Amino acid sequence: MIHISLDQSSDAALKWAESFKQPWPIMLQEDTDQKKLVEPYKVRGVPAYILVDRNGKEVARGKAAALAAAKKDEA
Amino acid sequence: MKKKNIIIVIASLMLVASGWWTRNWTSADSAKTFQGDVVSLDDTSVTVKRGRKELPFERELFAENDQEGAKEEETKVATLAAKEKEKEKVAAEFAKSDFGKSLKKLQKLEDTKFVDHKLQEAPKYFLLYFSASW
C-alpha cells in the first residue's frame, strides 16, 4: 500500500502518520506529481482506495473492491 | 562478483536458510554415512559443511540417491535464481516507467520522522490510499 498524502504540510502528515505508527510508504504532497499521481485517478474525497497495476492503470476503486480484486488475483 | 553469481548466491542462501539442504550423505559403496549441510554445488562437485569444516566432494563419490538429491537441489537453486532475476528485471523496468518515476520520492515513518524509502520490488498491484489528516 502506498499512502498518497493530500495534507498541505509534511508536519501534518507526520503527526497523522505517527498517531498510528503508519507502516507503509507515503508520498508527501510536496513530492507528489499531481498530474501523474492524483489527477488521473479523479479522487473526489478522502479516504480513497484505488488498486492499480504496476503501470498505474486502475484495476478497482473503493476499499472493498480493491481488496477483493487483489485477493481474486492471488487465488 | 558478476550479477548472475550474486543471484545464485542469494538463491543458495535462501535455500540454506530454509534448512532444505541438510541431509544424510552416504558413500557410493554404502560404507560411510554422515550428516552435513550443502554449502555449494556445481555440475560435478558438492561442498558439504560438517561441523565447522567445509569439505568439497566429487558428486560421484556419493550414493546414487544423494547424487539425485544434489541434482534436485541444483534445480531448486536454478529456479530460485531465475525468479530473483525476473524480479530484478521487473523492478528495473518499473523504475523506468512513468508510474515508477512518480513514486520515486517515497518516504517512510521511522521513529518520529520520515526518511527516504526505495521500493525493493515492483509488486503486480499497488493499493493507493489517498488521505489527509483534515
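Helices and strands here are DSSP runs, numbered from the N terminus. Keep that numbering in mind for this tour. The model is predicted.

**Stop 1: the sheet.** Select the strands of chain B. Four of them form an open sheet in the order 1-2-3-4, with antiparallel pairing. Now find the edges. They are strand 1 (22-26) and strand 4 (53-58) of chain B, and each pairs on one side only. Turn the view to follow the twist, which averages 50 degrees from one strand to the next.

**Stop 2: strands 3 and 4.** Select strand 3 and strand 4 of chain B. How many bridges join them? Six bridges do, and the two strands run antiparallel.

**Stop 3: a loop residue.** Select T44(B). This residue sits in the loop that links strand 2 (33-41) to strand 3 (45-50) of chain B. Is T44(B) buried or exposed? T44(B) has 9 other C-beta atoms within 10 Å, so T44(B) is exposed. The cut-off for exposed is 12 or fewer.

Show what surrounds T44(B). Setting aside neighbours within four places in sequence, T44(B) is in contact with E58(B) and R59(B). Then pick Q67(B), which is 23 residues from T44(B) along the chain. Their C-alpha atoms are separated by 9.7 Å.

**Stop 4: the helix.** Select residues 64-96 of chain B, which make up helix 2. Which strands does helix 2 lie across? Helix 2 lies across strand 1, strand 2 and strand 3 of chain B. Line up the view with strand 2 of chain B: helix 2 runs at about 30 degrees to that strand.

Note on methods. Residues are numbered from 1 along each chain as its sequence is written. Chains are lettered from A and ligands numbered from 1 in the order in which they are written. This is a predicted model: local features need pLDDT of at least 70, side-chain atom pairs count only at pLDDT 80 or more; totals for chains, interfaces and linings use all residues. Helices (H or I, at least four residues) and strands (E, at least two) are DSSP runs, numbered from the N terminus. A residue is buried if 20 or more other C-beta atoms lie within 10 Å of its own, exposed if 12 or fewer, and partly exposed in between; C-beta atoms are placed from the backbone. Two residues are in contact if their C-beta atoms, placed from the backbone, lie within 7 Å. Two strands pair if DSSP finds at least two bridges between them. Axes are lines fitted to C-alpha atoms, for helices over the stretch in contact, and angles run from 0 to 180 degrees between N-to-C directions.
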